[in-house]
Amino acid sequence: MAINDYGDLNEIQLDALKEIGNIGSGNAATALSAMLEREVNIAVPKINVLDYSSVCDTLGGPEQLLVGILFGISGDITGMIMFLLHKEFAHMVLNSLVGSEFDGYSGLDEMDKSTIQEVGNIMAGSYVNAMAAMTGLTIDLSVPTMNVDMAGALLSVPAIYYANISDKIIVIEDEFGHEQVGASSHVLLIPEVDGLTKLMKSLGLDS
Amino acid sequence: MSKTIVVGIADYNIAKDCDVLVTYALGSCVGICLYDPLTKIAGLSHIMLPTITEFNDPRMTLQRGKYADTAIELLMQSMINAGALRIRLRAKIAGGAQMFAPINNKNLAGIGERNVIAVKKELARLRIPIVAEDTGKDYGRTQFLSAEDGKMRIKSVNRGESIY
């Protein structure tokens, strides 16, 4: 069966995506912990297929200030991965790595920006490696590009790119914790639909 | 008591009297405000893409509010149905930012700018003059349109507020 839309995914296929998300999130927590040189806990990730307006609600409304890091994926699967970091998360990263505070985009210097991008890079790599390891497919990541702005404005980029295909995207919500500080991030996996078909085929879940 | 009417992505709506239309967090999308100062009928459309003809999936072409070359005319028509006069309509537009540097998807490059160009072309075709514009750059905008005076208010994270 060809998958035309994320909404066409059946329960088993969704479970497979959830498993990829679980492994990816686990790897991301390990990588984050190594980078920050401190223990990072992670709650069981929530994985959903949502439409764009509900994604905004999940993120705290369209005007919620977030850090967005966008990657292109290419190889056997093409599409995008977008990381959305809440300010507590950005703050945790900056504070541990370069000792600075997060106070919005205008307050970020080049060092802060490249630090956040690098963390995004390593985390995106965790998800992509999980996907590649499970499926045997080759998946490459582009260099990251970032912005800090309203959730809705950041999301408009993948929304527009896939507007002709689907109104839905795969959202992995991770809650990372360090001591008393909870810091959440969202990962949006946005494979093109033929990539999704390939992904399911490689897992033997295409019928 | 004025009420606030929210216009979602790929949607449009109209307002009268002292009501306010709002669309949140325009990124590369473009918000088009139309206003008839005599009848005080206001309309707002939030488009995502330049043209419907680029896509041939029939499921998607049903969503006419999504494209510059279909949505604006629909908005205009519903304002006329509500009593507005076409020749009195004036447009104010916002959005069309480039939120991220281009990655490997060529189609995505300059989509904000292409949306703005498509909106201008469509407004020219409908002979509606543009009297204010806050477009481009790399930041998100929330757009309000007041039916009482036709003023467009733009709010952003780092650049405060502007009224047009």
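Which residues does B:Asp36 touch, not counting residues up to four places away in sequence? In this predicted model, the residues touched by B:Asp36 are B:Ile41, B:Met79, B:Ala84, B:Leu85, B:Arg88 and B:Leu89.

B:Asp36 belongs to strand E4 of chain B, which covers residues 30–36. Its relative accessibility is 0%, so B:Asp36 counts as buried, the limit for that class being under 20%. Two polar contacts of the B:Asp36 side chain are listed below.

| Group on B:Asp36 | Partner | Distance |
|---|---|---|
| B:Asp36 side chain | B:Thr39 side chain | 2.9 Å |

**Nonpolar cores**

In soluble globular proteins, nonpolar side chains tend to be buried together. In this model, the largest nonpolar core comprises 99 residues, and A:Leu32, A:Phe83 and A:Phe89 have the most contacts inside it. With neighbours within four places in sequence left aside, A:Leu32 is in contact with A:Val40, A:Phe89, A:Met92, A:Val119, A:Met123 and A:Phe176.

**A nonpolar surface patch**

A:Leu97, A:Val98 and A:Met111 make a nonpolar surface patch of about 240 Å². Within chain A, A:Val98 is found in the loop that lies between helix H3 (87–97) and helix H4 (110–135). Because its relative accessibility is 32%, A:Val98 counts as partly exposed, a class that lies between the limits of 20% and 50%.

Key: Residues numbered from 1 in each chain as written. Chains lettered and ligands numbered in written order. Predicted model: local features only at pLDDT ≥ 70, side-chain atom pairs only at ≥ 80, totals over all residues. Heavy atoms only, no water. Helix = DSSP H or I, 4+ residues; strand = E, 2+ residues; numbered from the N terminus. Buried < 20%, exposed > 50% of the residue type's maximum accessible area, 1.4 Å probe, protein only. Polar contact = N/O pair within 3.5 Å; in protein donor to acceptor, adjacent residues only side chain to side chain. Contact = heavy atoms within 4.5 Å. Core = buried A, V, L, I, M, F, W, Y, C linked by side-chain atoms within 4.5 Å. Patch = residues over 30% accessible without salt bridge, like charges linked within 9 Å, V, L, I, M, F, W, Y side chains within 5 Å. Areas by Shrake-Rupley, 256 points an atom, 1.4 Å probe, with all protein chains shown as cover. Salt bridge = Lys/Arg side-chain N within 4 Å of Asp/Glu carboxyl O.
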